[in-house]
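Here are a few friendly notes to read alongside the model.

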Amino acid sequence: NKEASDKMEELGKKLYLKKHYVGKRLNFKKSLYMPGDIEGHLGYDDKLYLLDFARLMPPEAPDKKTFKFEKRSVFYKFLRPEYLSLVWRKPLCADSFTAFDASAKKECEYNRNEVREATKYLHNIHIPNIYVELEEKILNTMEREDFSYELLENGFDNYNLEKFYHKKKAICYLLDFFSYSLHYQGLNFRHLGRLRQQSNNPFIRTLILSICVA
């Protein structure tokens, strides 16, 4: 269906998805921007429907250190569309590291290397940069709300909760802001641990841990 193919190509380009081959048998191979298991249907109402978006985005490259425990991580650890469209801005193959990618061997490995580079940049450059921005905004909010330096320096452990109670709205604002910013900046909640590693501030470390626990 040409109309469906054209619309999927348009969507794929907007999401920075890379055109690649799918299909195991040579005479059935098709080039596709979407993952190989996505479904396109023409309904009885003559409208086009697209189903099964579970693997729409490319996966994060598997971590060699944890791969033996997470061999199927490429089926549930994905790069966010915000990261591809706002930060990386280079098309990646949605089927990288899976058998759905039926590209030639060299091209298949090239697709994987592109995802490895995007993942490396996410972990080593983007997340530290995002933490610096978040820390500045959090500290500015604390200063504006006149938070105690005791809370800033020691976190919650040694802080008198009665003094903290009247700041609960500000804390809730920080939690909401942090959570919203995370997705907007192209991060997933599984990256909270990596963000927390960037911080030496007891309050911010407690704040991130609170989000993790919640």
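1. A word on terms before the details: buried means under 20% relative accessible area, exposed means over 50%, and partly exposed lies in between. Please also keep in mind that this is a predicted model.

2. Let me begin with Arg-55, which has 5% relative accessibility and therefore counts as buried. Its side chain meets that of Asp-37 in a salt bridge, with 3.1 Å from N to O. Asp-37, at 23% relative accessibility, counts as partly exposed. The two residues are 18 apart and link distant parts of the chain: Arg-55 sits in the loop between strand 4 (48–51) and helix 2, while Asp-37 belongs to the loop between strand 2 (30–32) and strand 3 (39–42).

3. How many salt bridges does a search of the whole structure find? The search gives 10. Another of them joins the side chains of Lys-18 and Glu-107 at 3.4 Å, N to O. This pair also links distant parts of the chain, 89 residues apart, with Lys-18 in the loop between helix 1 (2–14) and strand 1 (20–22) and Glu-107 in helix 3.

4. Is Lys-18 buried or exposed? Its relative accessibility is 13%, so Lys-18 counts as buried. Glu-107, by contrast, is partly exposed, with a relative accessible area of 33%.

5. Next, the loop between helix 2 and helix 3, where Ser-96 lies. With 0% relative accessibility, Ser-96 counts as buried. What does its side chain reach? Setting aside neighbours within four places in sequence, the contacts of Ser-96 are Pro-59, Asn-111, Arg-112 and Val-115.

6. Phe-100 is in the loop between helix 2 and helix 3 as well, but its relative accessibility is 32%, so this residue counts as partly exposed. Together with Phe-75 and Tyr-76, Phe-100 makes a nonpolar surface patch of about 270 Å².

7. The largest nonpolar core holds 39 residues, and Phe-178 and Leu-195 have the most contacts inside it. Two or more residues of this core come from each of helix 2 (81–88), helix 3 (105–144), helix 6 (168–184), helix 7 (192–197) and helix 8 (202–213). Helix 3 gives the largest share, 8 residues.

8. Which residues does Leu-195 contact, leaving aside its neighbours within four places in sequence? They are Ile-127, Tyr-131, Leu-134, Phe-178, Leu-182, Leu-187 and Ile-208. The list includes Phe-178, which is named with Leu-195 for the most contacts inside the core.

How values were computed: Residues are numbered from 1 along each chain as its sequence is written. This is a predicted model: local features need pLDDT of at least 70, side-chain atom pairs count only at pLDDT 80 or more; totals for chains, interfaces and linings use all residues. Side-chain values use heavy atoms; hydrogens and water are left out. A nonpolar core is a set of buried Ala, Val, Leu, Ile, Met, Phe, Trp, Tyr and Cys residues joined through side-chain atoms within 4.5 Å. Buried means under 20% relative accessible area, exposed over 50%, partly exposed in between (1.4 Å probe, protein chains only). Helices (H or I, at least four residues) and strands (E, at least two) are DSSP runs, numbered from the N terminus. Contact means heavy atoms within 4.5 Å. Patches are made of residues with over 30% relative accessible area and no salt bridge: like charges are joined within 9 Å, nonpolar side chains (Val, Leu, Ile, Met, Phe, Trp, Tyr) within 5 Å. Accessible areas come from the Shrake-Rupley method with a 1.4 Å probe; for residues, only the protein chains shown count as cover. A salt bridge is a side-chain nitrogen of Lys or Arg within 4 Å of a carboxyl oxygen of Asp or Glu.
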